[in-house]
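These are my notebook entries on one structure. I looked up its core, its aromatic pairs and its surface.

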Amino acid sequence: MWLRRLENSMILSGLELNSRSIHFRNIRTIFNAAIDDELIPITSYPFRRFKIKFGATQQKGLSLEKLKKIKDYRPPSPGIALVRDAWLFSFYLIGINNADSYALKTIDSEGRINSTLLK
């Protein structure tokens, strides 16, 4: 019942469906950890009957023309050039995690990055 009240409160405060679902997933994660650590009994689990709803999200892709503009942009300073290059690096590697790219030390003999190089 309290999850329903929380959901209604979120709706009244203007939170969108996917924002609400993030909050509920976080709450569910905490409950799961508390049950795993035997801090609360499984009978106290509120998500047995409460289903977390998700909405469709709009894809936010770049057009080829915009990507070419970013690639061909000549920044006025080395700092801005570094930001552009870091963004392109991440884009070319299909959104590599920043921590993984910072941990990268070498590239293998075939010019590839693989997960063993990130350790």
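Helices (H or I, at least four residues) and strands (E, at least two) are taken as DSSP runs, numbered from the N terminus. The model is predicted, so I note that local features need pLDDT of at least 70 and side-chain atom pairs 80 or more, while totals for chains, interfaces and linings use all residues. Residues are numbered from 1 along each chain as its sequence is written, and side-chain values use heavy atoms, without hydrogens and water.

Entry 1, surface. I located Leu-62 in the loop between α2 and α3 (64-72). Leu-62 counts as partly exposed because its relative accessibility is 40% (buried is under 20%, exposed over 50%, partly exposed in between; 1.4 Å probe, protein chains only).

I found that the largest nonpolar core has 7 residues: Leu-3, Met-10, Phe-24, Phe-31, Phe-47, Phe-50 and Ile-52. Helices α1 (2-12) and α2 (17-36) each supply at least two residues of this core. Such a core joins buried Ala, Val, Leu, Ile, Met, Phe, Trp, Tyr and Cys residues through side-chain atoms within 4.5 Å.

I counted 7 aromatic pairs (ring centres within 6.5 Å, with the six-membered ring for Trp; planes under 30 degrees apart are stacked, over 60 edge-to-face, the rest tilted). Phe-31 and Phe-47 pair edge-to-face, at 6.3 Å centre to centre and 70° between the planes. Phe-31 lies in helix α2 and Phe-47 in the loop between α2 and α3, so this pair ties together parts 16 residues apart in sequence. I also recorded Phe-47 and Phe-50 as an edge-to-face pair, at 6.0 Å and 75°. Phe-47 and Phe-50 are both buried.
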